[in-house]
Amino acid sequence: MRMKSALAAAAVVALTAACGGGGSGGDEAAKPGEPVKLNFLSLAWQKESLAANKQLVEEWNKANPGIQVTYVQGSWDNVNDQLVTQFAGGTAPDVIHNDSPALAGFAADGYLMDLSDKVPADLKADIPQPAWDTVTFDDGKGKQGVYGVPFLQESQVVIANKKLLDEAGVRLPTPEQPWTWDEFSAAAKKMTKGGTFGVAWPMKSPVNKTLNLALNFGGTFFQTAEGKTTVKVGPEEKQVLQRIHDQLYKDKSADPAALGQGTADPLPAFYKGKFAMLPAGVYLRQQVAEQAPDGFEWVTLPPLKGTTTQQGAVSQTLSIAQDSKHPDEAMKFISFFLNGPNQAKLAKGDWLLPTSVKAAADPSITTKEDGWDVATASAKDLVVAPFLKVNGFDEWKSKVATPVLQEYYANKITIDEAAKRLVEDGNQVLERYQR
């Protein structure tokens, strides 16, 4: 999920100033006749998303004079470091925007409120259980709790050059009849000719994409037995690894120039017709819609199918600080902010997928324009990412998986060597977190 803020460093100062003197820990009970005051830390950063967030806060404040919410701008770049300081100092915001991987540690440390008994029934029912699974964690004492309300998710789709697809005469997949990985590979080979490649795989940061797509074949990369989690790289996990590698070095249908690039880096070459298809998160549609040259026709193709179309997902979330003096009012605000129509606005602003069933049916994000119909339909394929519950995953990802997968995709090691290192080196990392 996009976590890069375009905000200046001043946001950090603003966040500290706004929350330091009036956060959950420093907020006195409202005096008679005065409104309850809540601080809402938002990590929205794109123009459309910022506008949607601020508009909803303004709507709430106008309709609820007794519960006034102060919008506090944060940054994905430093939010967790900032929160650690604020939690320790008792100055954390009442309502906190974050993503589900960050919640586990804060929940175990007792900084976030368990919302299991606080989420209203209508909000609970509007969000499918797989999304709730992404915010359900151990409290550090063996009890499972819900530590946020999930509201935005990302799926992997394929953005494609429509002219090149039409010229190749390949079948256009639909959400009801997606391409299998075999059909995808065949289409890529068919479109590889005359200096044009069928596909580009930017793999500068290969881990999340690989692990999420691996679920297409039931690959989880982790297994837990008797309370101990270990790394697993068997036939299921190797499927996507091998298929991407084959496109690069066997079929030669994947553009090697894109391999070391970040997700959006290949777009200029895409617009020039250097390759036909770009697997990417649904959010990348925004850049294509805004930057593609006049006359460039593109389409969004649905997630690929292996033995399943499942993909791993994490969620953007709203949580309540454990020290908030007004948790009931905070939940009322969250329930408003994340109702169906409002989730549709937030999803549209971030070019992501709402967890709300009602939002997913909203005409604004089911239109064919910019591939919204295909993108929104892909939400049904999302399940909790297996790595989300793995203690030590971040270190495994940075110290083991990233360099190993980069070497494998660069054809410097074999798939068996990659699997051996992912497992053996990975288990050494995980072992330290399970003692």
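**Sheet and helix packing in a predicted model**

This is a predicted model. In it, Leu-41 has Ile-96 in S3 as its bridge partner.

Q: In what order do the six strands of the open sheet stand?
A: The sheet is open and its pairing is mixed. Its six strands follow the order S2-S1-S3-S14-S6-S15.

Q: Which strands stand at the edges of the sheet?
A: An edge strand here has a single partner strand, so one side of it is left without a neighbour in the sheet. The strands in that position are S2 (67–73) and S15 (353–354).

Q: In which sense do S3 and S14 pair, parallel or antiparallel?
A: S1 and S3 pair in the parallel sense, over two bridges. S3 and S14 are joined by five bridges, with Gln-316 in S14 as the partner of Asp-99. Their sense is antiparallel.

Q: How many bridges join strand S6 to strand S14?
A: S6 spans residues 149–153 and S14 spans residues 315–320. The two run antiparallel, and Pro-150 stands opposite Thr-317 in S14. The number of bridges is four.

Q: Which strands does helix H4 touch as it packs on the sheet?
A: H4 covers residues 100–108. Its direction makes about 120° with that of S3. The strands it touches are S3 (95–99) and S14.

Q: At what angle to S14 does helix H13 run?
A: H13 takes in residues 327–337. It lies across S1 (36–42), S2, S3, S6 and S14. Its angle to S14 is about 150°.

Q: How are H9 and H17 oriented to each other?
A: H9 (residues 207–214) and H17 (residues 393–409) pack with their axes 9 Å apart. The angle is about 85°. Angles of 65 to 115 degrees count as roughly perpendicular. H9 and H17 are therefore roughly perpendicular.

Q: How many residues in the contact of H9 with H17 are nonpolar?
A: Val-207, Asn-208, Thr-210 and Leu-211 come from H9. Among those they meet in H17 are Phe-393, Trp-396 and Lys-397. Three residues of this contact are polar and one is charged; the nonpolar ones number seven.

Q: Which elements do the buried residues of H10 pack against?
A: H10 (residues 235–249) has 15 residues and reaches 20 Å, close to the 21 Å expected. Its buried residues include Glu-237, Val-240 and Leu-241. They pack against H8 (181–190), S8 (197–199), H9, H17 and H18 (415–432).

Terms used: Residues numbered from 1 in each chain as written. Predicted model: local features only at pLDDT ≥ 70, side-chain atom pairs only at ≥ 80, totals over all residues. Heavy atoms only, no water. Axes fitted to C-alpha atoms, helices over the stretch in contact; angles between N-to-C directions. Parallel < 35°, antiparallel > 145°, perpendicular 65-115°, else oblique. Contact = heavy atoms within 4.5 Å. Nonpolar A, V, L, I, M, F, W, Y, C, P; charged D, E, K, R; others polar. Expected span 1.5 Å × (residues − 1). Buried < 20%, exposed > 50% of the residue type's maximum accessible area, 1.4 Å probe, protein only. Pairing = 2+ DSSP bridges.
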